[in-house]
Amino acid sequence: MSIHNFSAGPAILPKEVLQKASEACLNFENSGLSLLEISHRGKNVIAVFDRAEQLVKKLLNLNDDYAVIFLQGGASTQFAMVPHNFLNTKAAYLNTGVWASRAIKEAKHYGETIVVASSEDKNFSYIPKGYTIPADADYFHFTSNNTIYGTQLRTFPKSPVPLVCDMSSDIFSHRFDATQFDLIYAGVQKNMGPAGATMVILKKLMLERIQRTMPTMLNYKTHVEGESMYNTPAVFAVYVSMLTLEWLDNLGGVEAIEKRNRAKAELFYSELDRNSQFKGTVAVEDRSWMNANFVMVDASKETTFNDMLKQAGISGLAGHRSVGGYRASMYNALSLESVQVLVDVMQTFEKQHA
Ligand SMILES: Cc1ncc(COP(=O)(O)O)c(C=O)c1O
């Protein structure tokens with residue numbers, strides 16, 4: 001039976017990427033050696049990093065004003081590294097959930113941290129609108145997709161100050177003008193690859209704003225100048241990311257995947273709105289295409305529904321432990337057919353249990 005992987009992250013990767021990655025584990029590019037046992041300084045590994053960087057720039061239409069680096073420590077280390085490098089006086093943040101709150105918590109170590117708006121009053125079930133970004137802030141930070149709650153910004157605020165975004169859970173999922181951003185970071189383990197690497201895209205001019213003296217590893221300059229190889233990088237995670245970016249490029253890039261993601265979201269949400277047994281948990285206009293959160297109208301029927309999901313081969317649908325209910329994560333590699341299987345189960349459940 002094929003398994004439909006709706007996991008929120010680490011998450012589904014294209015089958016052909018997994019196939020190529022497993023081959024590289026045994027025999028990387030016919031070298032007779034595993035990718036896991038060779039030096040990151042070798043020509044063929046440097047070529048992987050170069051290709052990953054070039055693909056990121058191609059897919060997001062970025063020129064050489066931007067640097068793309070692959071770091072470790074997860075997106076969570078970026079919560080601290082961003083203010084460590086760029087918060088000189090004060091910074092502005094939008095609070096849309098757990099991850100945004102964690103970023104805010106770290107910023108407070110470095111200086112005044114202004115929360116321009118928050119949706120905490122309604123358990124982060126919507127995206128705040130109509131706020132003002134202070135023109136004298138060092139930067140404005142927000143989270144484009146709130147993985148835990150299932151809300152997303154697909155159009156972005158105009159900012160009078162450098163724009164910084166945590167795109168961990170929706171990078172490369174729809175078209176956007178990446179040049180409006182001064183820094184984007186993303187843990188690669190959702191739309192790009194396995195856990196272990198964090199991608200940072202930054203406008204090189206941002207490096208001139210760094211004033212603090214700091215440990216070498218925490219300075220973005222170190223990693224831009226070292227081309228992600230100041231220390232031993234997460235070679236395998238970057239290789240799998242490179243393969244996933246190649247897969248996306250061959251598919252027709254971000255424009256093509258946007259069509260697929262829109263179709264998946266429309267299929268799922270139209271069933272959610274139609275079906276009497278389920279209901280969504282977030283504001284309709286802020287629904288995420290990547291993580292769709294929902295609950296059962298009668299929670300006592302969850303065990304029956306869970307059994308039906310299992311029988312249909314649906315995996316990873318449980319909501320985050322902090323919110324409960326269900327969460328269908330529909331990242332780039334998830335097919336429309338998998339969403340159809342979920343919709344079919346929801347329809348069968350309604351017929352049998354309404
Ligand atoms: C939007 C977002 N930001 C940050 C994180 C934390 O990432 P990491 O575990 O790589 O530190 C996550 C993890 O799920 C996330 O979804």
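In the predicted model, seven strands form an open sheet of mixed pairing, arranged in the order β2-β10-β9-β8-β5-β3-β4. The edge positions are taken by β2 (66-71) and β4 (112-118); each has a single partner strand, so one side of each remains without a neighbour in the sheet. Averaged over the sheet and with direction ignored, neighbouring strands are turned by 15 degrees against each other.

Helix α4, comprising residues 98-107, packs on this sheet. The strands touched by α4 are β3 (90-95), β4, β5, β8 and β9 (183-187). The direction of the helix makes about 165 degrees with that of β3.

Strands of a sheet pair through backbone hydrogen bonds, in either a parallel or an antiparallel manner. Both arrangements occur here, as the pairing is mixed. Strands β5 (residues 140-143) and β8 (residues 163-166) run parallel and are joined by four bridges. Within this pair, Phe142 has Cys165 of β8 as its bridge partner.

Antiparallel pairing is found on both sides of β10, which lies between β2 and β9 in the strand order. Six bridges connect β2 with β10, and Phe70 stands opposite Met199 of β10. Between β9 and β10 there are five bridges; here Gly187 is partnered by Thr198 of β10. Strand β10 itself, spanning residues 198-203, is mostly covered, with five of its six residues buried.

Terms used: Residues numbered from 1 in each chain as written. Predicted model: local features only at pLDDT ≥ 70, side-chain atom pairs only at ≥ 80, totals over all residues. Heavy atoms only, no water. Pairing = 2+ DSSP bridges. Helix = DSSP H or I, 4+ residues; strand = E, 2+ residues; numbered from the N terminus. Axes fitted to C-alpha atoms, helices over the stretch in contact; angles between N-to-C directions. Contact = heavy atoms within 4.5 Å. Buried < 20%, exposed > 50% of the residue type's maximum accessible area, 1.4 Å probe, protein only.
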